[in-house]
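Please open the structure in your viewer and keep the selection tool at hand. The stops below say what to select and what is found there.

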Amino acid sequence: MTPTRPGPLVGLVIVVGLVTWVVVRQFYDELPIVPWTAIPTVLLLALGEAYSGWVTKARIARKPDTKPVEPLAVARLAALAKASAYAGAVFAGVFAGFALFTVQMLTKETPRFEFFIATGSFLAFVVLIGAALYLEHSCRIPKGPEDKQPK
């Protein structure tokens with residue numbers, strides 16, 4: 001598995017954001033109100049992934065008072081991190097597109113409320129992407145002295 005690069009994630013956010021903006025522009029009146037519950041939920045997920053990354057990094061480095069880590073557990077955490085990064089990018093794009101559409105209607109009460117919720121949700125998903133990338137980075141095995149020798 002190769003490390004996740006930020007470029008494709010940013011591209012995914014932009015493309016999904018533009019598609020969402022077009023869809024919301026056509027169907028805004030028929031859509032339900034954006035739920036605020038995504039913000040704390042996603043921030044808790046990001047906190048969990050960041051903590052898992054911190055603990056995993058310490059266990060891989062065999063810091064004092066830590067148990068050795070199972071290789072399969074690290075592989076599962078890396079897969080979780082990669083999936084979270086891409087899912088976070090998709091949902092960040094959705095909320096970015098929604099925020100882009102509602103920013104032009106800030107004088108009305110409901111769109112203003114939805115703009116702030118969509119912007120907060122977008123930022124929460126950006127935090128999730130950062131935590132996922134940190135977790136993925138924490139799952140890497142440090143290079144040993146034999147890996148640093150030129151070949």
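Predicted model: local features only at pLDDT ≥ 70, side-chain atom pairs only at ≥ 80, totals over all residues.

Residues are numbered from 1 along each chain as its sequence is written, and side-chain values use heavy atoms, with hydrogens and water left out.

**Stop one: helix H2**

Select residues 38–60, which form helix H2; helices here are DSSP runs of H or I with at least four residues, numbered from the N terminus. The end C-alpha atoms of H2 are 32 Å apart, which agrees with the 33 Å that its 23 residues should span at 1.5 Å a residue, the expected span being 1.5 Å times one less than the number of residues.

Now colour Ala38, Val42, Ala46, Glu49, Gly53, Thr56, Ala58 and Ile60, the buried residues of H2, where buried means under 20% relative accessible area with a 1.4 Å probe, protein chains only. Their cover includes helix H3 (71–102) and helix H4 (109–138). After H2, select arginine 62, whose phi is positive, near 55 degrees.

**Stop two: H2 against H3**

Show H2 together with H3, whose axes come within 12 Å and cross at roughly 150 degrees; axes are lines fitted to C-alpha atoms, for helices over the stretch in contact, and angles run from 0 to 180 degrees between N-to-C directions. H2 and H3 are therefore roughly antiparallel to each other, a term for angles over 145 degrees. The contact, meaning heavy atoms within 4.5 Å, is made by Ala38, Glu49, Thr56 and Ile60 of H2 and by Val74, Leu77, Leu80, Ala81, Ser84 and Phe95 of H3.

**Stop three: H2 against H4**

Which way does H2 run relative to H4? Select both helices: H2 and H4 pack at an angle of about 15 degrees, with their axes 8 Å apart, and they are therefore roughly parallel to each other, as angles under 35 degrees count.

**Stop four: H1 against H3**

Finally, select helix H1 (residues 6–27) with H3, which pack at an angle of about 40 degrees with their axes 7 Å apart.

Methods
Helix = DSSP H or I, 4+ residues; strand = E, 2+ residues; numbered from the N terminus. Buried < 20%, exposed > 50% of the residue type's maximum accessible area, 1.4 Å probe, protein only. Parallel < 35°, antiparallel > 145°, perpendicular 65-115°, else oblique.
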